[in-house]
Amino acid sequence: MNDQISKRITSFLKNHFQLEWNGIHGASHWARVRQNGLIIARQNGADPVVVSLFALLHDIERRSDGSDPEHGARAARLVQELNGEYFNLHARQMDLLRQACELHSDGETYADITIQTCWDADRLDLGRVGVKPDPMLLCTAAARNQDLIDWCYLRAKRWASDLAPIKRTHHLLRCYSLIFNRGLII
Ligand SMILES: [Fe+2]
């Protein structure tokens with residue numbers, strides 16, 4: 001993904017997301033999910049392009065930080081509409097991204113390795129709401145690594161405890177570079 005397209009996606013995400021940009025389902029969460037997913041993908045061969053797009057888009061259709069059972073299905077429909085304009089996935093990749101988005105909050109664990117990696121990347125970020133990821137609820141062997149679980153948990157918890165606005169701003173800037181910096185795969 002070149003810079004021009006990155007900027008277009010950034011601008012789309014900003015305009016489209018209805019919740020707090022730095023809330024529990026906002027940009028910093030997407031950045032951590034993306035990093036988690038790419039770490040796992042390097043070990044298990046999951047498609048890093050699909051994993052990255054999942055990170056940016058799986059919660060984009062949330063209308064509430066609380067219960068919102070249809071947000072995955074809405075995201076699945078949206079990613080189909082965005083393909084060809086903001087990114088170019090072939091049919092197999094689109095199928096994986098759609099399924100990963102649609103079912104990501106249903107607690108399932110069995111799927112294609114790329115979909116499993118997307119779901120694990122999201123679940124490894126539960127520390128932001130005070131929940132330690134349970135290895136039994138993770139899909140991939142790579143994500144069940146206790147060192148990785150601990151690292152993700154502490155990082156997400158740190159974000160949640162960074163209540164001072166200036167710290168939040170610094171965290172958000174780091175997240176921007178994680179999401180959008182040059183050299184990342186999408
Ligand atoms: Fe999420």
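Modeller: Two residues are in contact if their C-beta atoms, placed from the backbone, lie within 7 Å. By that rule, Trp30, Val33, Arg34, Gly37, Leu38 and Ala41 in H2 meet Pro48, Val51, Ser52, Phe54, Ala55 and Leu56 in H3. Keep in mind that this is a predicted model.

Colleague: What classes of residue make up the contact of H2 with H3?

Modeller: Nine are nonpolar, two are polar and one is charged.

Colleague: And at what angle do H2 and H3 pack?

Modeller: The angle is about 160°, and the axes lie 8 Å apart. Angles over 145 degrees count as roughly antiparallel, so H2 is roughly antiparallel to H3. The crossing of the two is right-handed.

Colleague: Back up a bit. Which elements does the chain have overall?

Modeller: There are eight helices and zero strands. Of the 186 residues, 40% count as buried.

Colleague: What share of the contacts join residues at least 24 apart?

Modeller: The figure is 64%, taken among contacts between residues at least 6 apart in sequence.

Colleague: How many residues of H3 are buried?

Modeller: Nine of its 10 residues are, so H3 is largely enclosed by the rest of the structure. The buried ones are Val49, Val50, Val51, Ser52, Leu53, Phe54, Ala55, Leu56 and Leu57.

Colleague: Which residues of H5 does H3 meet?

Modeller: Gln93, Leu96, Leu97, Ala100 and Cys101 in H5. On the H3 side, the residues are Val49, Val50, Leu53, Phe54 and Leu57. By class, this contact has nine nonpolar residues, one polar and no charged. Phe54 also takes part in the contact with H2.

Colleague: I had Arg144 selected. Where does Arg144 lie?

Modeller: In the loop between H6 and helix H7, the latter covering 146-161.

Colleague: Why is Arg144 put down as partly exposed?

Modeller: A residue needs 20 or more other C-beta atoms within 10 Å to be buried, and 12 or fewer to be exposed. Arg144 has 16, so it is partly exposed.

Colleague: How far is Arg144 from Asp120?

Modeller: In space, 8.9 Å from C-alpha to C-alpha; in sequence, 24 residues.

Colleague: And which residues is Arg144 in contact with, leaving aside neighbours within four places in sequence?

Modeller: Pro135 and Leu138.

Colleague: Last topic, confidence. What pLDDT does the chain average?

Modeller: The average is 88, and 84% of the residues score at least 70.

Colleague: Where does pLDDT stay under 50?

Modeller: Over residues 181-186. The model has 10 contacts beyond four places in sequence for that stretch. Where pLDDT is low, the predicted coordinates should not be read in detail.

Methods: Residues are numbered from 1 along each chain as its sequence is written. This is a predicted model: local features need pLDDT of at least 70, side-chain atom pairs count only at pLDDT 80 or more; totals for chains, interfaces and linings use all residues. pLDDT is the predictor's confidence in each residue, from 0 to 100. Helices (H or I, at least four residues) and strands (E, at least two) are DSSP runs, numbered from the N terminus. Ala, Val, Leu, Ile, Met, Phe, Trp, Tyr, Cys and Pro count as nonpolar, Asp, Glu, Lys and Arg as charged, and the others, Gly among them, as polar. Axes are lines fitted to C-alpha atoms, for helices over the stretch in contact, and angles run from 0 to 180 degrees between N-to-C directions. Angles under 35 degrees count as roughly parallel, over 145 as roughly antiparallel, 65 to 115 as roughly perpendicular and the rest as oblique. A crossing is left-handed if the near helix is turned anticlockwise from the far one by less than a right angle, and right-handed if clockwise.
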